[in-house]
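Visitor: I have a model on screen and I'd like to learn how to read it. Could you walk me through a few features?

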2 protein chains.
Amino acid sequence: MSEAGVTKINAARRSVHYRPGESIFHQHDQPHGIYCLESGHLLLRHFDTFGEQTNFQVVKYGETLGWRSLFAERPHAATAIALSRCDVCFVPGWVIKECIDSEPALAHAFLKTVARDRGPYEALMLRSPRLPVRVRFIYLLLYLRSRCANLSRSGMLVYDLLLQRRDIASMIGIRSETLSRVIHGLEKEKLARFKGRQIVVPDPEKLFGLIGIKLPEND
Amino acid sequence: MSEAGVTKINAARRSVHYRPGESIFHQHDQPHGIYCLESGHLLLRHFDTFGEQTNFQVVKYGETLGWRSLFAERPHAATAIALSRCDVCFVPGWVIKECIDSEPALAHAFLKTVARDRGPYEALMLRSPRLPVRVRFIYLLLYLRSRCANLSRSGMLVYDLLLQRRDIASMIGIRSETLSRVIHGLEKEKLARFKGRQIVVPDPEKLFGLIGIKLPEND
DNA sequence: CGTACCGTTGAGGTGAGTCAAAGTAAGTGG
DNA sequence: CCACTTACTTTGACTCACCTCAACGGTACG
């Protein structure tokens with residue numbers, strides 16, 4: 001990206017701090033620009049026409065959000081909620097558009113980003129009714145690996161989920177009671193340990209092998 | 001779009017005819033360009049890692065497909081199968097890219113299209129495990145309305161689905177036996193009539209009212 | 001030390017899957 | 001045009017995974 005563009009964006013952007021539970025934008029809001037998460041974690045939550053809520057994405061610092069609605073020229077399809085203390089940088093939509101117009105390479109980059117983003121598509125695998133909940137939960141752990149987990153020296157995966165049970169359950173379309181039972185099952189089989197909002201997976205290969213996934217992939 | 005661009009595209013494009021059952025491109029194929037369906041209907045089918053198939057979209061003549069994978073620079077995420085006799089026009093990817101580079105307005109148009117396309121997102125509503133299958137099926141009818149249905153003079157919706165039961169069932173993640181029972185139920189309640197691959201909905205308002213949807217929307 | 005809220009556990013119900021078989025439509029070959 | 005095969009659809013009986021409801025235990029917070 002050109003220096004002029006960077007200067008322009010730096011001039012227009014502004015940063016806001018959010019505390020856990022506060023929302024950055026709401027479903028049905030008109031989009032005004034793009035948000036870049038500088039620190040902390042966010043949750044994207046969707047309310048369907050029945051009033052049921054579905055969490056479909058955890059956003060980690062360094063990621064951007066809001067561009068889908070901006071480019072689609074449609075209201076936000078989800079509400080973004082801070083899971084922890086967050087610094088969010090906002091760039092107005094008109095700046096983005098000006099930059100795209102002056103730099104074709106940027107247009108390609110955004111096209112690629114938007115096309116690659118599966119958005120709520122993630123949910124397809126996570127929520128497929130044909131898969132038993134245990135499998136869906138393991139998929140969720142796989143999905144959250146890059147966002148909420150660290151690999152310890154001994155090869156264990158350590159998740160620091162900032163979500164409570166009901167929110168985790170909502171990601172895979174089940175009830176928190178059912179999640180409790182799944183967790184209990186995994187714990188009993190020594191596949192994972194759960195203490196509060198922390199999850200430890202002693203042998204990731206084994207766990208993800210259960211659903212036919214080999215790890216090296218960095219999706 | 002400029003005349004020069006149109007000329008360039010016309011020079012590069014080529015049309016191919018397909019018969020029912022033939023596929024236009026396969027999942028995992030590298031994308032080479034964009035396809036425009038000039039006549040007929042297509043089905044987009046996805047195979048997941050378990051070998052289960054999911055149909056997630058019916059494409060009607062006039063619509064284009066394949067651009068998501070092209071812009072994402074990733075293999076096709078689905079297989080496109082002809083449901084009827086189809087004429088498909090192919091435009092190579094490099095032509096599209098050249099046109100975008102020379103016309104910023106086209107870049108915005110594509111950004112909008114890609115951002116709006118929910119792709120397999122449609123599936124989220126159609127496949128949500130929390131919704132009973134009857135509701136999901138009515139959602140499916142709502143979704144297929146613009147693609148496979150006509151409104152008769154008397155206000156009845158007449159669907160000409162080119163799909164067999166198992167393929168319909170696959171769109172909402174259920175088994176064909178279950179679909180049979182759902183159909184039977186709707187038939188008994190006079191909400192719809194099913195003869196072979198044709199569906200007649202005598203009172204669309206009533207049917208879609210069941211899932212809390214008012215019709216006028218043209219999504 | 002209470003009040004909430006969150007999480008777990010248990011009992012019971014049920015919607016949808018599975019399996020098997022019958023019924024129906026669509027091809028195929030004589 | 002009619003037997004024959006093959007594929008699709010429906011029906012029934014059964015099972016089970018998950019939901020629901022309800023009660024209980026933990027933990028956070030004032």
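Visitor: Which strands of chain B does helix H6 lie across?

Guide: First, this is a predicted model, where local features need pLDDT of at least 70, side-chain atom pairs count only at pLDDT 80 or more, and totals for chains, interfaces and linings use all residues. Residues are numbered from 1 along each chain as its sequence is written, chains are lettered from A and ligands numbered from 1 in the order written, and side-chain values use heavy atoms, leaving out hydrogens and water. Helices (H or I, at least four residues) and strands (E, at least two) are DSSP runs, numbered from the N terminus. Axes are lines fitted to C-alpha atoms, for helices over the stretch in contact (heavy atoms within 4.5 Å), and angles run from 0 to 180 degrees between N-to-C directions. Here, H6 (residues 133-148) of chain B lies across E9, E10, E11 and E12 (198-201) of chain B, at about 80° to E10(B).

Visitor: In what order do the four strands of that sheet in chain B come?

Guide: Two strands pair if DSSP finds at least two bridges between them. In chain B the open, antiparallel sheet goes E9-E10-E12-E11. E9 (149-151) and E11 (193-195) of chain B each have a single partner strand, so one side of each lacks a neighbour in the sheet.

Visitor: How many bridges join E9(B) to E10(B)?

Guide: Three. B:Leu151 stands opposite B:Leu157 in E10(B).

Visitor: And how many residues surround DNA strand D?

Guide: Near means a heavy atom within 4 Å. By that rule, 15 residues surround DNA strand D, with A:Val133 and B:Ser180 among the closest.
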